[in-house]
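Please examine the structure shown below, with attention to its aromatic rings. Exercises with worked solutions follow it.

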Amino acid sequence: MRELAIRAINAARQFGASYVDVRVMERTTEGIEVKNGRVEGVSSGASSGFNVRVIVNGAWGFASSARMDNAEAERIARQAVQIARASALVAGEAVRLSELPPQKGSYRTPMRVDPFTVPLNQKVQLLLDADAAMRSVDGVAITSATMEYSREHKFFASSEGSEIEQELFDTGAAISATAVDPESNELQTRSYPNSFGRQAGTTGYEFIEAMDLVNHGARIGEEAVRLLAAPQCPSGVTTIILDGPQTALQVHESCGHPIELDRVLGYEAGFVGKSFLTTDKLNSNYRYGSDVVNLTADATIPGALGTFGWDDEGVPAQRTPIVSQGIFSGYLMSRDTAPLIGLSSNGCVRADGWNRLPMIRMTNVSLEPGTWKLDDLIADTADGLYMSINKSWSIDDRRLNFQFGVELAYEIKNGKLGRLYKNATYTGITPQFWGSCDAVCGPDEWTVWGTPNCGKGEPMQVMRTGHGAAPARFRNVQVGVGRWS
């Protein structure tokens, strides 16, 4: 890897590049899917290649190849330089990079058990057992159990003297049970530990074992069946308590995406839109939320899905305040966007493969824990709803107006959980919603939830991000939006 990277850097410099970086990458992924008591598939894939990114005459150029030899390194370097020269012909501000001392070192995901070393039949049996636990519940019609794990080995080098080697693992799994009403054909689904993919982290197979999937199977099956007979969530304005996974998705959609500086500047808008957090709001005491709302972007949290040693520009992983006691205080930045607002990159650039341009991506964007215990928070709530695990979401292209649906909700009356509701939804406007947050649970109930399928860019890149969250309470929220027959 190193020899290829150095050759490409030297070639690009000879061809006229003022700056060069090279990423050489190998990625291996395996996945297992069980559905309705049968193994639906076992997949295994590998991809390797390298890319060269250059600046020539103040413009970027990028090229990549799956063929890794010395001749190809020189060809791709020349191609990247040619693309940069062509880009420089278009009027625009010259690229400036924030300062970065040469980086040297290596990083490997800490773990106890490499998931690739666990026998396949053992992993398959775990999913089959979890699936069987869900199917043991009368009324459950569809069951699913999935597992995926990957290893990414990459080498980064730059013309500034950086040389970094990393080996990153991510591991995750999930189960879901769907109940069907035979008369109306209504479907209701419950998921564990999370919906839309899986709960995942940068860790080993011990992460999956700790989920205890089998012993949660019957519970989520029973909850799916109970939802069929539950009444619709009523509409109105009330207090809501979001559980940890739902709070995490709320952070992802209404906090994480709006703070990506390329979106704010309009450099990236095609797939997920722009942002309401324009640069005039930085350093102006802009109130993003209440005093109990503290958000950070932290790529150093052990085991979290957005954790690494250095980003794909060679910037060290770090922790950045985003919202401090409700006041907006920072963005996710790259080396070429940070100077535009007088700052330096805080290490938030990644690419999902060797043939993709690195771009600003969320690391672990988290709502910092408060002081409450969930039981005390419920007991302190006279009237409202407790809402659990995402079912649907919609948000505008500035990340301002949103609507979320959850798999289930419980009525809260006089500080106690009451009736179960189905098809529960809530809506809000981002700053007003976070301004209504008056309580966040503490460290004992705080978990970093993985989002392994965050999409951004054209062509779209799928990135692994993390979001630390605990149950949180919000006042005066509109619930029960939407219609069901």
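The model is predicted: local features need pLDDT of at least 70, side-chain atom pairs count only at pLDDT 80 or more, and totals for chains, interfaces and linings use all residues. Residues are numbered from 1 along each chain as its sequence is written, and side-chain values use heavy atoms, with hydrogens and water left out.

**Exercise 1.** Classify the aromatic pair of phenylalanine 276 and tyrosine 288.

*Solution.* Rings of Phe, Tyr and Trp (its six-membered ring) pair if their centres lie within 6.5 Å; planes under 30 degrees apart count as stacked, over 60 as edge-to-face and the rest as tilted. The search of the whole structure finds 13 aromatic pairs. For phenylalanine 276 and tyrosine 288, the centres are 6.2 Å apart and the planes 25 degrees apart, and the pair is stacked.

**Exercise 2.** Determine whether phenylalanine 276 is buried or exposed, and do likewise for tyrosine 288.

*Solution.* Buried means under 20% relative accessible area, exposed over 50%, partly exposed in between (1.4 Å probe, protein chains only). Phenylalanine 276 has 2% and is buried; tyrosine 288, at 1%, is buried.

**Exercise 3.** Which residue's charged end sits over the ring of tyrosine 286?

*Solution.* A charge sits over a ring if NZ of Lys or CZ of Arg is within 6 Å of the ring centre and within 35 degrees of the ring normal. The residue is lysine 281, 5.4 Å from the ring centre of tyrosine 286. Elsewhere, arginine 151 lies over the face of phenylalanine 116, 4.4 Å from the ring centre.
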